[in-house]
Amino acid sequence: MFKRQKSLASERKRRLLSQRATRFILKDDMRNFHFLSKLVLSAGPLKPTPTVKHSKTTHFEIEILDAQTRKQICILDKVTQSSTIHDVKQKFYKACPKWYPSRVGLQLECGGPFLKDYITIQSIASSSIVTLYATDLGQQVSWTTVFLAEYTGPLLIYLLFYLRIPCIYDGKESARRLRHPVVHLACFCHCIHYIRYLLETLFVHKVSAGHTPLKNLITSCAFYWGFTSWIAYYINHPLYTPPSFGNRQITVSAINFLICEAGNHFINVMLSHPNHTGNNACFPSPNYNPFTWMFFLVSCPNYTYEIGSWISFTVMTQTLPVGIFTLLMSIQMSLWAQKKHKIYLRKFSSYIHRKSAMIPFIL
């Protein structure tokens, strides 16, 4: 009997303990639920997971053939649509190291124009397979090298004639005859002209990173160096005759020469501005600088000032070689100006429809 009562008492104790434990667990769960609900409410609404968009990139296959033999050289695969001709040349060089990028000219068809380096593959592709014809352009030189050689030669050659080296002129005749002041002034103006060219090539002009055949360098140097030798020989000769109208002709021409040189420089600085270069360029507008007001009349004032400098130099020295050089330069620059004028008309017709190309109201 005593044992039975004892077992009943122990069973009651276990029930009480289990009830207390259940209550404690329920209270703990309620606390956790309350804390979790506050956390969810403070976090706000759930954001949907962003969908990942997979961009489809179109790839092209470039087949390169020899322009002379029409035989296949190589095939470039996985060329993206944003790749340019310059990128294709680089890949072509990696596949065939003997085809150096600066010597390669790529064409869409034999005999057609060479594609510019900035042209994209997407703009010329009519299907996923693009056929290009490769031509070896020969030895190439950079445009900076061409300009520096063109302008350094005349500067040094003229100074050699100005010093009247005995191997060029008769030493006795040179010592006997004094130089006219216009000879010194002509040397100063000539040096100013080509020093400005050199400095602008190095620090102002945005020279193209492309290349040109070596024969173009030889042709340009032969033209500039040859004419400089002819001009300098006559002006610095001991028997040189000064201008007919004396100091008045010399002074007016020298002042006009310096004005044209200054105008040419300011126009070139203006054209080198990022707003006036590249595919998104805008037409230059005159500013507070009076030398830029020439843009009101012509679309290529740099050529206008250049011709003005050489006309002034011709009148100041009154020599036939300078006149012939000025005539040839005028013809060449008028062709360049008309070509640029047509491009400006096509791109900025609302701005320059009343302007001339190089000479106000004439050309």
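Quick caveat before we start. The model is predicted.

Let's begin with the helices. Two packed helices are described by the angle between their axes and the distance between the axes. Take α9 and α10 first. Helix α10 covers residues 320-347. The axes of α9 and α10 come within 10 Å. They cross at roughly 170°. Angles over 145 degrees count as roughly antiparallel, so α9 and α10 are roughly antiparallel to each other. Who makes the contact? From α9, the residues are Y303, E306, I307, W310, I311, F313, T314 and T317. From α10, they are V322, G323, F325, T326, M329, S330, M333, W336, A337 and K340.

Look at S330 in that list. S330 sits in helix α10. Is S330 buried or exposed? Its relative accessible area is 19%. The cut-off for buried is under 20%, so S330 is buried. Leaving aside residues up to four places away in sequence, S330 touches I307 and M358.

Now the other packing partner, α7. Helix α7 runs over residues 214-235. The axes of α7 and α10 come within 9 Å. The crossing angle is roughly 150°. That makes α7 and α10 roughly antiparallel to each other as well. On the α7 side, the contact is made by F223, Y224, F227, W230, I231, Y234 and I235. On the α10 side, it is P321, V322, I324, F325, L328 and M329.

Next, charges. How many salt bridges does a search of the whole structure find? The search finds 5.

Pair one is K89 with D117. Their side chains meet in a salt bridge at 3.0 Å, N to O. K89 is in helix α2, residues 85-95. D117 is in the loop between β3 (104-107) and α3 (121-124). The two are 28 residues apart, so the pair links distant parts of the chain. K89 is buried, with a relative accessible area of 10%. D117 is partly exposed, at 31% relative accessibility.

Pair two is D136 with R103. The closest N and O atoms are 3.2 Å apart. D136 belongs to strand β4, residues 129-136. R103 is in the loop between α2 and β3. They are 33 residues apart. D136 is partly exposed, with a relative accessible area of 44%. R103 counts as partly exposed too, at 29%.

E306 is in helix α9, and R196 is in helix α6, residues 181-203. They are 110 residues apart, and the pair links distant parts of the chain. Both E306 and R196 are buried. There is also a network here. R196, E200, E261 and E306 are linked in it by salt bridges.

Stay on E306 for a moment. Its relative accessibility is 2%, so E306 counts as buried. Which residues does E306 touch, not counting those up to four places away in sequence? They are H193, R196, Y197, N264 and M333. One of those, H193, is 113 residues away along the chain. The C-alpha atoms of E306 and H193 are separated by 9.7 Å. Recall that E306 is also among the α9 residues contacting α10.

Over to the surface. W293, F296, L297, I359, F361 and I362 form a nonpolar patch there. Together they have about 710 Å² of accessible area. One member, L297, is in the loop between α8 (246-271) and α9 (301-317). How accessible is L297? It is partly exposed, with a relative accessible area of 33%.

Last stop, A175. A175 lies in helix α5, residues 171-176. Buried or exposed, which is A175? At 64% relative accessibility, A175 counts as exposed. P238 is 63 residues from A175 along the chain. Their C-alpha atoms are separated by 8.7 Å.

To recap, briefly. Helix α10 is roughly antiparallel to α9, and roughly antiparallel to α7. The nonpolar patch includes L297.

Methods
Residues numbered from 1 in each chain as written. Predicted model: local features only at pLDDT ≥ 70, side-chain atom pairs only at ≥ 80, totals over all residues. Heavy atoms only, no water. Patch = residues over 30% accessible without salt bridge, like charges linked within 9 Å, V, L, I, M, F, W, Y side chains within 5 Å. Areas by Shrake-Rupley, 256 points an atom, 1.4 Å probe, with all protein chains shown as cover. Salt bridge = Lys/Arg side-chain N within 4 Å of Asp/Glu carboxyl O. Helix = DSSP H or I, 4+ residues; strand = E, 2+ residues; numbered from the N terminus. Buried < 20%, exposed > 50% of the residue type's maximum accessible area, 1.4 Å probe, protein only. Axes fitted to C-alpha atoms, helices over the stretch in contact; angles between N-to-C directions. Parallel < 35°, antiparallel > 145°, perpendicular 65-115°, else oblique. Contact = heavy atoms within 4.5 Å.
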